[in-house]
Amino acid sequence: MTPLLRSALLRLPIPVALGALLLAGCTSATPPTPAPTSTDGYYSQRISWTSCGSGLQCGKLRVPLDYGKPAGDSLELALVRERARNTGQRVGSLIVNPGGPGESGVAMVKDGTEQFDGPLHDRFDIVGFDPRGTGDSSPVRCLTDQQRDAQDQQDDPADPQARKAVRAQRDKSYAAACEAGSGKLLPYVGTRNTARDMDLLRQALGDARLNYLGVSYGTYLGALYAEEFPTRTGRLVLDGAVDPAADKLDSSVQQQIGFEKSLERFATDCVTKHPDDCPLGSDPAKAGENAAAFLDGLRDKPLPTGDHDGRKLTSGLGWTGALLFLYGDQDTAWRELRSALSSAIRQGSGDRLLAAADAYNGRDKNGHYTASDDAQTAIGCADAASPTPSAARVQQVLGELKQQAPLLNRDTTAEDVQGAGCADWPFQTTEQPHTVRAEGSAPILVIGTTGDPATPYQSAVNLAKGFANATLLTRQGEGHAAFGSGNSCVDSALDGYLVSGTVPAANTSCAQE
């Protein structure tokens, strides 16, 4: 697998269970509610909450499909809320987003309630929502489960020209399938519209200012909210930051370098500290290369698995499964990766890595996929244009990849860098990468992790520096993002900021725990 051509790597892997299409006026099974004739009507709505088990409340928020035409079609966004446990000291609502783009905020709250235990649960209503185009909020649909299985089982050809031709045809077919399945929705799923939706949600919750926790891509959503509504910002935490000023190609290159470094650190740790459990040899200098050679070799010799659909572990699925573990911490996730690689290399079983790839890809045991992959492509193409790079740019990028991420790009050629991106997409966005200043905002807290492979630390530095009023908090350590990592220093700083509004001192760095 060439990660440059797999945009999904930004996703924070959180298990999700998604549902039905709710595009009012298009395919909804019930008559659509008449849309307000201006956004004022949307701002006057109140949410009707109903119990949905485990102490949670579920609801819907209606938003315009096109903010330029609020009297036209509308969407319903799926919501979930867990009420503050100490109502006498309630601060307000805390809206959360887990990343992606394409992941479910509803699932983040339903499946991760323990992550909010303590002051956050005591003082805030924790609110998750599925952004437009995802989950139960009019999900983008392009491929069937069977089509996605077939695509994931087929590694690209080794020959560069043949690979380029296959990918070009796949891009065109995929774009056509998305247009056929969700064409009316595609121009309106961009993050700027989701930021506007989030302001409607803030108002419907009764909060004068937005309190928000965004992880991974969720930092981009939070940044655009601050840009659109700076005077309505409350306490914004942006963790595992995306740099809004970086173009897609730069972001992909930096992400690959991040994963390369994580893979090398894992491999060195594997052979030096866990020699009995490590299947990567005994030489730290060659351990990473051994891992990459094995995963690349699955293209010619895929491993058998016990999958009831007869799927094998291909190179693409093997790389996806391995990289998923690098999202995690040095203790638990790296131990699991050692075990998965050992099972594959020493025992010839692809089960562990296939299970990890399925978890990343949103595939359940019944072979059903969530809409997260389709949503991520649609939102990504709505968020930024992806022009075909010049010949000089291609060579510059290729040189960077070969020098700084050689293990992940052993077979990468110029043809791979020339990928079409969103060139075949049904519409072309006008959004461009840019520095977000958010003049007039309340203080914003940006958190970066030094060993983060998916959103490298420098992205957090750049995001914080770009804001007119932001502080950077650094976590030393491995894994993607700091929230939920169990780092007591980070937890203390985050709780102090969200609950009391106390911004950490400049240059605060939390040691690895």
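**Figure 1. Strand 8, an enclosed strand in the sheet.** Strand 8 (residues 444-451) is largely enclosed by the rest of the structure, because 7 of its 8 residues are buried. Please keep in mind, here and in every view below, that this is a predicted model. What does strand 8 pair with? One partner is strand 7 (residues 233-239), which runs parallel to strand 8 and is joined with it over 4 bridges. In that pairing, V237 stands opposite L445 of strand 8. Another partner is strand 9 (residues 470-478), also in the parallel sense, with 7 bridges to strand 8. There, I444 faces A470 of strand 9 as its opposite residue.

**Figure 2. A right-handed unit built from two strands and a helix.** Follow the chain from strand 8 into helix 16 (residues 457-466) and on to strand 9: together the three elements form a β-α-β unit. Its hand is right-handed. The two strands of this unit, strand 8 and strand 9, are the ones that pair in the parallel sense over 7 bridges.

Figure 3. How many strands does the open sheet have, and in what order? There are 10 strands, arranged 1-2-3-5-4-6-7-8-9-10, and the pairing is mixed. The edges are strand 1 (50-51) and strand 10 (509-510), each of which pairs on one side only. Strand 10 joins strand 9 in the parallel sense over 2 bridges. In this pairing, R475 has C510 of strand 10 as its bridge partner. Helix 6 (residues 191-204) packs on the sheet. The strands touched by helix 6 are strand 2 (57-64), strand 3 (74-82), strand 4 (92-97), strand 5 (124-129) and strand 6 (210-215). The direction of helix 6 makes about 125° with that of strand 2.

**Figure 4. Helix 9 against helix 10.** Helix 9 (residues 284-297) packs with helix 10 (residues 315-326) at an angle of about 140°, and their axes are 7 Å apart. That angle makes helix 9 oblique to helix 10. From helix 9, the residues A292, L295 and D296 meet S315, G318, W319 and A322 of helix 10. Sorted by class, this contact has 4 nonpolar, 2 polar and 1 charged residues.

**Figure 5. A closer look at D296.** Is D296 buried or exposed? Its relative accessible area is 16%, so D296 counts as buried. Which residues does D296 contact, leaving aside its neighbours within four places in sequence? They are S315, W319, R410 and D411.

**Figure 6. Helix 10 meets helix 11.** Here helix 10 packs against helix 11 at about 155°, with the axes 8 Å apart. The two helices are therefore roughly antiparallel to each other. By class, the contact has 7 nonpolar, no polar and 1 charged residues.

**Figure 7. Helix 8 crosses helix 11.** How do helix 8 (residues 248-273) and helix 11 (residues 332-347) cross? Their axes come within 11 Å, at a crossing angle of roughly 75°. This makes helix 8 roughly perpendicular to helix 11. On the helix 8 side, S262, R265, F266, D269 and C270 take part, meeting W334, L337, R338 and L341 of helix 11. The contact has 5 nonpolar, 1 polar and 3 charged residues.

Figure 8. The peptide bond from G100 to P101 is cis, and its omega is near -5°. P101 sits in the loop between strand 4 and helix 2 (105-111). S54 has a positive phi of about 60°, although S54 is not a glycine. This residue, S54, belongs to the loop between strand 1 and strand 2, and with 75% relative accessibility S54 counts as exposed. A481, likewise not a glycine, has a positive phi of about 75°. The loop that holds A481 lies between strand 9 and helix 17 (488-500). With a relative accessible area of 5%, A481 is buried.

How values were computed: Residues are numbered from 1 along each chain as its sequence is written. This is a predicted model: local features need pLDDT of at least 70, side-chain atom pairs count only at pLDDT 80 or more; totals for chains, interfaces and linings use all residues. Side-chain values use heavy atoms; hydrogens and water are left out. Axes are lines fitted to C-alpha atoms, for helices over the stretch in contact, and angles run from 0 to 180 degrees between N-to-C directions. Angles under 35 degrees count as roughly parallel, over 145 as roughly antiparallel, 65 to 115 as roughly perpendicular and the rest as oblique. Contact means heavy atoms within 4.5 Å. Ala, Val, Leu, Ile, Met, Phe, Trp, Tyr, Cys and Pro count as nonpolar, Asp, Glu, Lys and Arg as charged, and the others, Gly among them, as polar. Buried means under 20% relative accessible area, exposed over 50%, partly exposed in between (1.4 Å probe, protein chains only). Two strands pair if DSSP finds at least two bridges between them. A crossover is right-handed if, with the strands pointing away from the viewer, the path from the first strand over the helix to the second runs clockwise.
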